Amino acid sequence: MTDLQGKLHSIDMLAKSLKIENEHLQRNMSLLLKNYILVLLARGNMNSEQISKLTGVTKDKIEDFLDKMIDEKKVDLKESVYFLVKENGKENVSTNGTQ
């Protein structure tokens, strides 16, 4: 029984460690994708298909991600074209993930 309990504890600790690592990787990948999109849109306005091709993320998933960026007021959409939101006359191009 003690051996079984020890193995279960080890497996539980491994599962928790992997969960934390996965959450960390997902958060970092999200920030990386956000920064990449900001850099791409700083070079020129694009539609979701263009962004999808350049990022390698499927069109439907990139549109979901862009919707979140619209909610954060980082980008905006007009006539199927995404562009950076301007703040105080300047484009919002912070790429450090803190804005």
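Q: At what angle do the axes of α1 and helix α3 cross, and within what distance do they come?
A: This is a predicted model. To read a helix pair, take the two axes and look at their approach and crossing angle. Here, the axes of α1 and α3 (residues 59-71) come within 11 Å. They cross at roughly 80°.

Q: What does that make α1 relative to α3?
A: Angles of 65 to 115 degrees count as roughly perpendicular. The crossing at roughly 80° therefore makes α1 roughly perpendicular to α3.

Q: Which residues make the contact?
A: Read each helix in turn. From α1 come Ser30, Leu33, Lys34, Ile37 and Leu38. From α3 come Ile62, Phe65, Leu66 and Met69. By class, the contact of α1 with α3 has seven nonpolar residues, one polar and one charged.

Q: How do the axes of helix α2 and α3 cross?
A: Helix α2 covers residues 48-55. Its axis and that of α3 come within 9 Å and cross at roughly 110°. That angle makes α2 roughly perpendicular to α3.

Q: Which residues of α2 and α3 make this contact, and how do they divide by class?
A: On the α2 side are Ser48, Glu49, Ile51, Ser52 and Thr55. On the α3 side are Lys59, Ile62, Glu63 and Leu66. The classes here are three nonpolar, three polar and three charged.

Q: How many salt bridges does the structure hold?
A: Look for a side-chain nitrogen of Lys or Arg within 4 Å of a carboxyl oxygen of Asp or Glu. The structure holds four salt bridges. One of them joins Lys16 and Asp12, with the closest N and O atoms 3.2 Å apart.

Q: Where do Lys16 and Asp12 lie?
A: Both lie in helix α1. They are four residues apart, about one turn of the helix.

Q: Which residues make the nonpolar surface patch?
A: Read a patch by its members and its area. Met1, Leu4 and Leu8 make this one, at about 390 Å². Leu4 is found in α1, which covers residues 2-43.

Definitions and conventions: Residues are numbered from 1 along each chain as its sequence is written. This is a predicted model: local features need pLDDT of at least 70, side-chain atom pairs count only at pLDDT 80 or more; totals for chains, interfaces and linings use all residues. Side-chain values use heavy atoms; hydrogens and water are left out. Patches are made of residues with over 30% relative accessible area and no salt bridge: like charges are joined within 9 Å, nonpolar side chains (Val, Leu, Ile, Met, Phe, Trp, Tyr) within 5 Å. Accessible areas come from the Shrake-Rupley method with a 1.4 Å probe; for residues, only the protein chains shown count as cover. Helices (H or I, at least four residues) and strands (E, at least two) are DSSP runs, numbered from the N terminus. Axes are lines fitted to C-alpha atoms, for helices over the stretch in contact, and angles run from 0 to 180 degrees between N-to-C directions. Angles under 35 degrees count as roughly parallel, over 145 as roughly antiparallel, 65 to 115 as roughly perpendicular and the rest as oblique. Contact means heavy atoms within 4.5 Å. Ala, Val, Leu, Ile, Met, Phe, Trp, Tyr, Cys and Pro count as nonpolar, Asp, Glu, Lys and Arg as charged, and the others, Gly among them, as polar.
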